[in-house]
Amino acid sequence: MASPATAAVFGSTGHSGQFILTTLLASDSIKTVYTFSRRAPKVESAKLSTYVDRDTSKWASSLLEIQPPPNAVFSALAVTHAEAGSMKNKWKIDHDLNIELAKAAKAAGAKTFVFISGAGARSMVGAYFADMQMKKGVEVAIETLGFDHVVVLRPGLILGQRETPHPIGPLLNTIVRGFGVISGGLQDRLGQEAEVVGRAAVRAAQLASEGKAPSKPWILDGPEIVKLGSIMKRG
């Protein structure tokens, strides 16, 4: 089975989503990349087709209009608590909209769906945190929709400089990277660079479309994300 020739990305202007986009655009096997976002991506490419609308309720119907439909759909869609303004609004985006878009992707005919989730989404501890409950809900939904391939990445702290700085983000980056001095494996479990997450998401989708996923669904935790993302960079 060939690698996906076309792809759609939700959350393409976000922390890890921007690297999913640039990795797809750099891939010779990808002919067209469609993005859906509230603001335009910063990159430009002849391969890139953008749909910009702050009204996210229109995104699903716009995805259904793409002909031929994208082979793979990626969602790194999430908002911060500050951007959402309330937990209710955050749930509408991080949970409800992600599920709506996954259903639209399936209805459109996409074969592969890739979701950037989070470490602890299915853990006992995660049950006490709303963010993890949202991620778990999306995971459960996409796994039951009947895609040929489902890839879920569960990164820890996504490292790197954010466009909208997190109040304690720089401190957390320093702490997690500091663990790398002690043990690279420990850092890989606690946090992953945003660029590595993006590359790993694209590589996993390619492998899944070629029938090389080790499981269905394919769940990648921190060390697997780092391994796959690093291999792709060397390649």
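**Entry 1: the largest nonpolar core.** I looked up the largest nonpolar core and found 29 residues in it. I take such a core as a set of buried Ala, Val, Leu, Ile, Met, Phe, Trp, Tyr and Cys residues joined through side-chain atoms within 4.5 Å, where buried means under 20% relative accessible area with a 1.4 Å probe and protein chains only. Ile-20, Leu-24, Phe-74, Val-151, Leu-153 and Leu-220 have the most contacts inside this core. The elements giving two or more residues to it include β1 (6–10), β6 (149–153) and α8 (194–209). I noted that α8 gives the largest share, nine residues. Helices (H or I, at least four residues) and strands (E, at least two) are DSSP runs, numbered from the N terminus.

The model is predicted: local features need pLDDT of at least 70 and side-chain atom pairs pLDDT 80 or more, while totals for chains, interfaces and linings use all residues. Residues are numbered from 1 along each chain as its sequence is written, and side-chain values use heavy atoms, without hydrogens and water.

**Entry 2: Val-151.** I left aside neighbours within four places in sequence and listed the contacts of Val-151 (heavy atoms within 4.5 Å). They are Phe-113, Val-114, Phe-115, Ala-204, Ala-208, Trp-218 and Leu-220.

**Entry 3: α4 and α5.** I checked how helix α4 (residues 87–108) packs on helix α5 (residues 130–143): the angle is about 15° and the axes are 9 Å apart. Axes are lines fitted to C-alpha atoms over the stretch in contact, and angles run from 0 to 180 degrees between N-to-C directions. The two helices, α4 and α5, are therefore roughly parallel, a term for angles under 35 degrees.

Key:
Buried means under 20% relative accessible area, exposed over 50%, partly exposed in between (1.4 Å probe, protein chains only). Angles under 35 degrees count as roughly parallel, over 145 as roughly antiparallel, 65 to 115 as roughly perpendicular and the rest as oblique.
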